[in-house]
Every structure is written in C-alpha cells, then in structure tokens.
Amino acid sequence: MGEIILQAKNIDKSFSNGKTKLSVLKDFSLDVDVGQIITIMGQSGSGKTTALNILGTLDQADAGELSINGKQVHDMNETELSTIRNRDIGFVFQFHHLLPEFSAIENILMPTWINGADDRRDRALDLIEKMGLSERKDHFPSQLSGGERSRVAVARALMNKPKLVLADEPTGNLDEKNANKLIDLLGKINKDFHQAIVLTTHNPKIARIGHKQFFLENGSLSEKA
Ligand SMILES: Nc1ncnc2c1ncn2[C@@H]1O[C@H](COP(=O)(O)OP(=O)(O)OP(=O)(O)O)[C@@H](O)[C@H]1O
Ligand SMILES: [Mg+2]
C-alpha cells in the first residue's frame, strides 16, 4: 500500500428540504493513495457530487473524518483550507464553471492568480499543448466545443500541480470520441505527474481506468470485484 493522500472515514451527509431530511452519504469511507486513480459510478442522485464536494472541502460533512495529506480537515482554519483547495486539490466540476468573459488560457491561468508561480505561463502553454488546445487558447468558452471546454477545465485543474484531482463526470456531456480522448489525457497525466485522481462517471468503460473502481449506493462505496 502506498502513501495516503486522502482519507475519508464514516462520512455522513444529509440535506434537509423543509420538513424532510434526505440522507445522501452514510458511512462513506475512502482511502486514496498518492498517484492512484479511483473511479466512482452511481446512479443520478446517489451522491457523487456531494461526496466530491466534501472530499474537496467545499462542503462539510455532518459526521465522520476527513484528512488530506495527513492532516485532519476538522482542525484546519479557513486560511489553511483555502490553501489546501488552491495548492493541493484540482477541481474539475460537473458543469466546468469556466469564466465566460475570459479566454481559454486565462481560465487555465486562473488558479495561479492566487499563488502565482514564475513558470506559470510556460506551464499553461505546455498543458494547452498536451490537451490539444493550441489553436483554441485565445477563444472564449462560448466559442469552444463541449470537449474543448472539458479539456480547458482539466488543464485549469492541473495548473497548480495538485497532488489530488477531483473530477466530477468530466466526460458527462461528451461524445465517445471526445470522452476517450479526455480519459487518455487523464491517464497520461497521472503517469507523467503522478497525481491521484478521483473521478465520477456514468460510463462503465471510463470507470475501468480506475486502479480501484467503486459503486456509490445507499450512501456508501462498495468496491467492484
Ligand atoms: N444543496 C442541496 N440541498 C438539498 N438537496 C441536495 C443538495 N445537493 C444535493 N442534494 C440532493 O442530494 C442527492 C445527491 O445529489 P448529488 O448531486 O450528489 O447526486 P449525483 O450522484 O452527483 O447525481 P448526478 O449523477 O445526477 O450528478 C440528490 O437527491 C440531490 O437532490
Ligand atoms: Mg453529480
């Protein structure tokens, strides 16, 4: 077993909608090793996005423990949390969240606005090339195809060299060709940069890139045999 980058233990999460309480995660546990790809499948509404939001410290669990890089999230203050979010975790959101008024390369550079490294433009250009976006780097999101937008979102997530990438259905609205292309890129990036990736998907073929593959059902994960 490798070094653990993320550990979630017995996470519970429910949402209350007025009178009713909806239990989404119940005893959700997951260990992610450095450099490991984890894939999570589960029906719509099973809690995949909720789980990734909690793993990424964007949302809080009702109960349970979460540690990132060996540190308990519970013990971190807002400053530490935002440092972790910006430096250690790369997010690829289900609906990408690209900033419409900024070009592809500007969106990719966005994470470095906070902790600008010196090699940032070079790195952005390098990622753009890896993602096959060289011809599109000055286009705005509205001028990009769905596949191109996804790749911009992935490049942005990788910009700060995070140890962990959380990708919520990154291939969700892509055709098969673009989905495969994105998955090949994620695999390549995992090999080159040794980043851990937790990825949710509805597509069994994509789930197979996981070193470990899980199903989210009734609030917790079960590993695919
Ligand atoms: N902020 C919220 N308030 C109330 N209910 C919520 C909230 N966020 C999510 N839910 C509910 O929690 C359940 C899990 O939602 P979630 O978005 O995690 O599912 P998902 O597995 O990501 O689904 P999909 O595959 O459609 O993206 C759903 O029933 C959803 O309606
Ligand atoms: Mg979702």
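## Helix α2 and its cap

The N-terminal end of helix α2 is capped by N77, which has a side-chain oxygen 3.1 Å from the backbone nitrogen of T79. As in the rest of this report, the description refers to a predicted model. Helix α2 spans residues 78-88, and its buried residues include L81 and I84. N86 and D88 in this helix are buried as well.

## An aromatic pair

Two aromatic pairs are present in the structure. One of them joins F91 and F93, whose rings are stacked, with 5.6 Å from centre to centre and 5° between the planes. How do the two residues stand with regard to burial, buried or partly exposed? F91 has a relative accessible area of 14% and is therefore buried, as this value is under 20%. F93, at 24% relative accessibility, counts as partly exposed, because this value lies between the limits of 20% and 50%.

## The surroundings of ligand 1

Ligand 1 is surrounded by 15 residues, of which S44, G45, K48, T49 and T50 are the closest. By class, this shell consists of 10 polar, three nonpolar and two charged residues. Which elements supply at least two residues each to the shell? They are the strands β1 (4-17) and β2 (20-33) together with helix α1 (48-55). The largest share, three residues, comes from α1.

| Residue | Atom of the residue | Distance to an oxygen atom of ligand 1 |
|---|---|---|
| S46 | polar backbone atom | 3.3 Å |
| T50 | polar side-chain atom | 2.6 Å |
| E169 | polar side-chain atom | 3.1 Å |

Taken alone, ligand 1 exposes 640 Å², and the protein buries 64% of that area.

E169, which contacts the ligand through a polar side-chain atom, belongs to the loop between β7 (164-168) and α7 (176-193). Is E169 buried or exposed? E169 counts as buried because its relative accessibility of 13% is under 20%. The backbone of E169 has a positive phi of about 45°, although the residue is not a glycine. Most residues other than glycine have a negative phi.

A further residue of this kind is H194, with a positive phi near 55° in a residue other than glycine. H194 is placed in the loop between α7 and β8 (196-201).

## Strand β9 and its partners

Strand β9, residues 212-217, is paired with two strands described here. With strand β3 (residues 37-41), β9 runs parallel, and four bridges join the two. Within this pairing, I40 stands opposite F214 in β9. Strand β10 (residues 220-223) runs antiparallel to β9, and this pairing also has four bridges. Here L216 stands opposite L221 in β10.

What do β9 and β10 form, and how many residues lie between them? The two strands form a hairpin with two residues between them. N218 in the turn has a positive phi of about 50°.

Key. Residues are numbered from 1 along each chain as its sequence is written. Chains are lettered from A and ligands numbered from 1 in the order in which they are written. This is a predicted model: local features need pLDDT of at least 70, side-chain atom pairs count only at pLDDT 80 or more; totals for chains, interfaces and linings use all residues. Side-chain values use heavy atoms; hydrogens and water are left out. Two strands pair if DSSP finds at least two bridges between them. A residue is near a molecule or strand if one of its heavy atoms lies within 4 Å of it. A polar contact is a pair of N or O atoms within 3.5 Å; within protein, one must be able to donate a hydrogen and the other to accept it, and residues adjacent in sequence count only if both atoms are side-chain atoms. Accessible areas come from the Shrake-Rupley method with a 1.4 Å probe; for residues, only the protein chains shown count as cover. Ala, Val, Leu, Ile, Met, Phe, Trp, Tyr, Cys and Pro count as nonpolar, Asp, Glu, Lys and Arg as charged, and the others, Gly among them, as polar. Buried means under 20% relative accessible area, exposed over 50%, partly exposed in between (1.4 Å probe, protein chains only). Rings of Phe, Tyr and Trp (its six-membered ring) pair if their centres lie within 6.5 Å; planes under 30 degrees apart count as stacked, over 60 as edge-to-face and the rest as tilted.
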